[in-house]
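Here are a few friendly notes to read alongside the model. Please keep the picture open as you go.

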Amino acid sequence: LDAIDKLNSRPRKCLGYRTPYEAFEELTGITREKIFEGYALMT
């Protein structure tokens with residue numbers, strides 16, 4: 001999980017210098033903390 005957290009905490013130019021976590025939360029309302037406590041995601 002450390003590697004995943006490191007990658008998703010890095011700002012990305014393609015996301016307007018937001019982190020993937022920030023972009024995901026903006027789109028879904030699911031916070032980073034909820035993801036790590038075992039929130040189930042469906043695709």
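1. Contact here means heavy atoms within 4.5 Å. With its neighbours within four places in sequence left aside, arginine 10 is in contact with Arg18, Thr19 and Pro20.

2. A word on the source: this is a predicted model, where local features need pLDDT of at least 70 and side-chain atom pairs count only at pLDDT 80 or more, while totals for chains, interfaces and linings use all residues. Residues are numbered from 1 along each chain as its sequence is written, and side-chain values use heavy atoms, with hydrogens and water left out.

3. Where is arginine 10? Look in the loop between helix H1 (2-8) and helix H2 (20-28); helices are DSSP runs (H or I, at least four residues), numbered from the N terminus. The C-alpha atoms of arginine 10 and proline 20 are separated by 7.5 Å, and the two residues are 10 apart along the chain.

4. Is threonine 19 buried or exposed? Threonine 19 is buried, because its relative accessible area is 11%, whereas arginine 10 is partly exposed at 48%. The cut-offs are under 20% for buried, over 50% for exposed, and in between for partly exposed (1.4 Å probe, protein chains only).

5. Threonine 19 also sits in the loop between H1 and H2. Not counting residues up to four places away in sequence, threonine 19 touches Asn8, Ser9, Arg10 and Pro11.

6. Finally, turn to glutamate 33, which is found in helix H3 (residues 32-36). Glutamate 33 counts as exposed because its relative accessible area is 54%.

Note on methods
Helix = DSSP H or I, 4+ residues; strand = E, 2+ residues; numbered from the N terminus.
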